[in-house]
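Here's a quick briefing for anyone meeting this structure for the first time. Have a look at the model, then read on.

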Amino acid sequence: MSLVPDILLTGAGAFILVSLVIVFRVVRGPTMQDRVIAVNAIGTNIVVVLALVAAATGNRAALDIAIVYALLNFLMSIAISKFTVERGGVL
Amino acid sequence: MGGDLLVPVDDSVTLRKTVAHVANRGRDAPGRPTLHFVYPLSERLDAGEETTAAADAEELLARIEVWVEEDLGDDADQVAVETALIGSAEYLFNPGDYADVITEYAAERGIETVVLDPEFNPQGMAPLLPPLERELSSAGLDVDLAPVERPTRRNPLTRPAGLGQFVVLFCSTYAFYLVVGGTLSTFDLATGAVSATIVAGLLWRITTRGEVDLTSLAWRLARMTLYVPFLLWEIVKANFHIAYVVLHPRLPIDPRVVEFDAAVWSEMPATTLANSITLTPGTLTVDVSQRHFTVHSLTRSAREDLLDGGLERAVRFVFYGRSAARIATPRERGARTGEERTSAEETAPTEEAAVTEGENA
Amino acid sequence: MTPQEIAVAVLVAGGAFFALVAAVALLRLPDIYTRTHGASKSDTLGAGLALAAVALTFGAEISTVKAALLILFMFLTNPTAAHAIARAAADQGIDPWTVDEEGESE
């Protein structure tokens, strides 16, 4: 039996723990941008977790979810940045 | 003269109505006012594009003169019309730049009133008009918005595009569809072709900019494959550096804002350089306006690396070829870092940074 | 352990390490700009390493291509997002922190 799934799942666990630490920055702020960058970092970690779980369980559909999540995560950051700069003038 | 009007123009949907409005206003004004139609034409460094853009602008200005004559008919001698291309020696990037060239033109000729076309938006990107209006009025000019009806379609997103753009967009969309689909079955091939046609058909005028030249694109991709390992190595090396800095108990950071003019033009190279700078730890691109990069650096050594210009040379290599890669470093070209100041003036960089941000606000 | 297991373990551990560095950077550094440094780069490299492990696990198949796409995408979008956020902060007039204020930090 290969150790690879265990390694991957442990890695996923580590990424989740790290994300929990970052939640502190989301709650604390103090500025909007601090929260956005923290949420963006958590989003990146979630993408990684999705991909790791996909690899560990052999569930390839989760990889597609990860791709879509990565796209949405990027859009979230850009949209909020644009929104705060242009005061609602998104697009 | 008091009645003179300055009208910045570009090829907008409401241009015709704006010209009619301005012509009427000129006729009703006392005396024989001069109507100045100016076309702010940003400098482009890829020469081919520049000449066609200039030719288009000249044509538009000629058309405007004809329109004014049409509108005034017999009263045509009550106004004088002047047209000009302005700003062609500069790279116009943000509303401030446009305001600068327009005010300069107005000041030279003693014009006090500017009439703006409500759809005036030469860059076709983020809303230009409100900040432009603000900048012009703060420069002491009277700014009027031409009272013309806007058609429902607000910002024309499309740009002129050729078959090349369509094909490139179609192929990349199709390839992405097939990769995500994961099979080459007839069903996927058929639905993919349909989806890619729809996407490319809807977006081909929006996504790409400029003509696609396949040979130069291929060369760029080839040089890009050389660039990627270099960048990866830089990223890894510098990440260990940042890990050391962040995990160090005393947090030995010395953040400072650096400004320099990068020797890259057009969008793609500037984006690549900005992203590479951001990915290389210790440096973070805060703002790029024209070629002017504002970079936040975390430590002194990161700043040194940045000003040695290795990344910039590499990006120039990718986009302009090997001969362009040899260039003086940003330091030699006079980048502003605050580093050369004496320690007594330690607060100066902060002020400098604040000034930069004030400009952006 | 097979070579593949070792490689995967090293990549995942590296990824987790840099993700941790990013988290510590987010918590410890004094202002938005410096935090963005940590989050945008270390996190990108961490994600890149972990996704490389994923690609390695799948071996030669379409999922590997997807993982590679994901890596490419991370390297393109993360700095762009960081840049957008930093620029938003600059536009709002948030001053960068400098060493002079060291006394009040930490």
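Helices (H or I, at least four residues) and strands (E, at least two) are DSSP runs, numbered from the N terminus. What you're looking at is a predicted model, where local features need pLDDT of at least 70, side-chain atom pairs count only at pLDDT 80 or more, and totals for chains, interfaces and linings use all residues. Residues are numbered from 1 along each chain as its sequence is written, while chains are lettered from A and ligands numbered from 1 in the order in which they are written.

**Spans in chain C taken from UniProt**
- An unreviewed UniProt entry puts "transmembrane region" at residues 6-27 and 48-76 of chain C; such positions are given in the numbering used here, feature names are shortened, and annotations may be inferred rather than shown by experiment.
- Residues 6-27 of chain C are 100% helix and 0% strand, with 31 Å between the end C-alpha atoms.
- For residues 48-76 of chain C, the figures are 90% helix and 0% strand, and the end C-alpha atoms sit 11 Å apart.

**Where chain C meets chain A**
- Here 44 residues of chain C are in contact with 39 residues of chain A (contact means C-beta atoms, placed from the backbone, within 7 Å).
- On the chain C side, α1 (3-28), α2 (32-58) and α3 (62-91) each supply at least two residues, and α3(C) gives the largest share, with 16 residues.

**Nonpolar cores**
- A nonpolar core is a set of buried Ala, Val, Leu, Ile, Met, Phe, Trp, Tyr and Cys residues joined through C-beta atoms within 7 Å; buried means 20 or more other C-beta atoms within 10 Å of a residue's own, these atoms being placed from the backbone.
- The largest core has 95 residues, and A:Leu8, A:Ala51, A:Leu52, C:Ala50 and C:Leu51 touch the most other members.
- Helix α2 (residues 32-57) of chain A gives the most to this core, 15 residues.
- Leaving aside neighbours within four places in sequence, A:Leu52 is in contact with A:Leu8, A:Gly11, A:Ala12, C:Ala50 and C:Val54.
- Another core lies apart from it, with 33 residues, including B:Tyr98 and B:Phe120.

**A sheet in chain B**
- Three strands of chain B make an open, antiparallel sheet in the order β6-β8-β7 (strands pair if DSSP finds at least two bridges between them).
- Its edge strands, β6 (256-261) and β7 (283-289) of chain B, each pair on one side only.
- β7(B) pairs with β8 (residues 292-297) of chain B over six bridges, in the antiparallel sense; B:Val288 has B:Phe293 in β8(B) as its bridge partner.

Definitions and conventions. Two residues are in contact if their C-beta atoms, placed from the backbone, lie within 7 Å. A residue is buried if 20 or more other C-beta atoms lie within 10 Å of its own, exposed if 12 or fewer, and partly exposed in between; C-beta atoms are placed from the backbone.
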